[in-house]
Amino acid sequence: MIWSKEETLSRAEIEALQLERLKETVNRVYEKVPAYRAKMDAVGVKPEDIKELKDLAKLPFVTKQDMRDTYPFGLFAVEKKDLVRIHASSGTTGKPTVVGYTENDLKTWTECVSRIACMGGASKEDVAQICFGYGMFTGALGLHYGLENIGATIVPSSTGNSEKQIMYMKDFGTTLLVATPSYALRLAEVANEIGVDPKKDLNVKIGLVGSELLTDAMREEMHKAWGDDMLVTSNYGMSELMGPGVSGECEYLCGMHINEDYFIPEIINPQTGEVLPAGEKGELVITCIKKEGLPLIRYRTKDITRLIYEKCKCGRTFCRMENLSGRSDDMLKIRGVNVFPSQIEEVILSFAELGPHYEIIVTRDGYSDKLEIRVELAHTTDSFGVLQDISKRVKNKIKVILGLDAKISLESPNTLQRFEGKAKRIKDLRSK
Amino acid sequence: MVAKQLSVFIENRQGRLGEVLSVLKENKVNILSLSLADTTEYGLLRLIVNDPALGKDKLAEDGFSTMLTDVLVINISHEAGSLQDLLSFLAENGINIEYMYGLSIDGQEAYVVLKASDLKKADEMLAKKGVKTLSSEQISAL
């Protein structure tokens with residue numbers, strides 16, 4: 001089901017709406033946000049220079065660093081009294097990034113997430129269990145309001161206490177699960193441990209996963225754990241932009257539809273900042289065009305994707321962003337080859353003998369880069385034959401996927417570092 | 001009779017073996033025999049101890065990759081050629097040996113710890129032949 005008529009506007013209608021909202025936003029931000037006005041003045045751009053959509057490229061970028069520099073409210077366009085909600089990122093490095101919502105912003109957010117939930121197959125018939133951590137994190141409350149808005153029954157179970165989560169699923173007849181892909185897999189594991197078969201004893205048919213990359217390998221794992229008939233869709237967002245609700249996959253699983261009446265996407269070359277033509281892969285930059293509290297202009301997401309403008313079979317006309325292939329700040333260049341940790345992760349996840357945690361170490365030996373991948377053994381073995389066979393098969397698969405030779409180091413379980421927020425799995429020890 | 005061997009995977013990192021041994025020491029797990037085999041990247045430590053289950057639990061708590069493996073602890077006479085006789089007997093019966101190491105008690109009784117392709121069959125063959133093998137309970141009592 002398509003939630004809003006805006007989702008099927010013609011390209012011309014979308015662009016007209018975007019231009020109108022962009023002009024209004026730039027005017028307002030120039031007037032209300034001194035930090036962004038200074039940036040515009042520094043490059044000599046005035047709000048009246050924005051005459052058509054392509055003039056967006058004249059505007060300066062906003063980065064996470066800008067948010068830190070103006071912590072906590074420096075980029076807000078309303079007074080604090082007009083905010084009705086504050087959220088913040090985990091802030092694993094340095095100060096957290098703070099975001100705020102006016103009453104209208106919460107309505108916008110709810111609308112955006114309602115659309116994404118419908119794309120992922122949700123309806124008012126569903127019992128939706130939200131296994132995202134509630135709190136300062138935007139994920140849980142974002143999905144909560146969106147799903148509630150379409151009439152689903154919400155089970156706000158948050159994260160943790162996995163056995164109880166399974167009990168709720170069984171007793172309340174949960175049909176829809178909101179979680180990170182890795183927590184969804186963990187829940188299936190726990191179910192099996194306590195003698196509940198997720199495929200037979202539970203009725204979870206829809207998975208709305210987010211907050212982590214959903215690789216094809218992960219989606220495959222989800223089907224193995226929860227059943228082949230589960231519709232697993234990923235959705236995308238970040239607190240700086242709003243939280244979840246920026247984009248989501250429909251049942252055709254061919255990229256995530258961006259709510260283009262609220263966000264204008266661009267793809268840039270992460271090194272030069274130059275805007276790339278439609279269809280090329282690069283860093284996603286998003287401009288919020290209907291937000292009051294924190295209307296970020298040209299926010300650099302650091303996520304790598306491409307935009308697809310061809311019409312989707314679902315009938316929605318909003319462009320799609322390909323499922324993420326990594327983050328620009330995570331991309332490594334090893335012996336001239338672009339390597340995304342997600343590619344390595346995909347290989348590791350395809351081995352049942354290995355745990356899902358890993359560490360990538362890049363060193364330089366003379367003029368040559370060396371790649372080492374540390375992985376944990378999922379099961380112990382008493383046989384060298386088995387160990388050598390695992391190393392060899394992982395090495396071969398990495399070679400096929402990346403075209404690079406890697407040293408595979410097997411480690412005991414729980415020796416690699418664990419992360420609660422965003423994982424830092426790369427150690428680049430080459431001197432710059 | 002089949003006995004339990006404690007097998008521990010260890011990365012080739014300085015002090016890693018010492019860490020295993022200190023866990024065993026803290027928990028008063030006594031080592032009767034051991035074998036350490038390694039490649040350039042990792043090693044496998046195989047131990048016959050008085051309490052293999054305790055050793056495994058404590059090592060696992062400390063994050064070691066560890067397991068109990070079925071092995072045969074076979075009594076052989078303390079004289080030249082006895083090991084050769086045992087091996088020919090196993091070979092004649094189609095049993096392949098994966099690895100083995102020795103265990104001696106007070107310099108009197110000699111045993112060989114052995115992991116074979118078909119451990120159950122080897123155990124039966126030896127029992128039929130009247131060769132003494134030790135269970136984990138008997139080892140604990142040593």
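How many residues of chain B are in contact with chain A, and how many of chain A with chain B? In this predicted model, 14 residues of chain B are in contact with 12 residues of chain A, two residues being in contact if their C-beta atoms, placed from the backbone, lie within 7 Å. Local features need pLDDT of at least 70 and side-chain atom pairs count only at pLDDT 80 or more, while totals for chains, interfaces and linings use all residues of the predicted model. Residues are numbered from 1 along each chain as its sequence is written, with chains lettered from A and ligands numbered from 1 in the order in which they are written.

**Interface, side of chain B**
- Two or more residues each come from β1 (2-11), β3 (42-49) and β4 (65-76) of chain B; strands (E, at least two residues) and helices (H or I, at least four) are DSSP runs, numbered from the N terminus.
- β4(B) gives the most, with 4 residues.
- By class, this side has 6 nonpolar, 6 polar and 2 charged residues; Ala, Val, Leu, Ile, Met, Phe, Trp, Tyr, Cys and Pro count as nonpolar, Asp, Glu, Lys and Arg as charged, and the others, Gly among them, as polar.

**Fold of chain A**
- Chain A holds 10 helices and 21 strands.
- Of its 432 residues, 43% count as buried (20 or more other C-beta atoms within 10 Å of the residue's own, C-beta atoms being placed from the backbone).
- Among contacts in chain A between residues at least 6 apart in sequence, 67% join residues at least 24 apart.

Conventions
A residue is buried if 20 or more other C-beta atoms lie within 10 Å of its own, exposed if 12 or fewer, and partly exposed in between; C-beta atoms are placed from the backbone.
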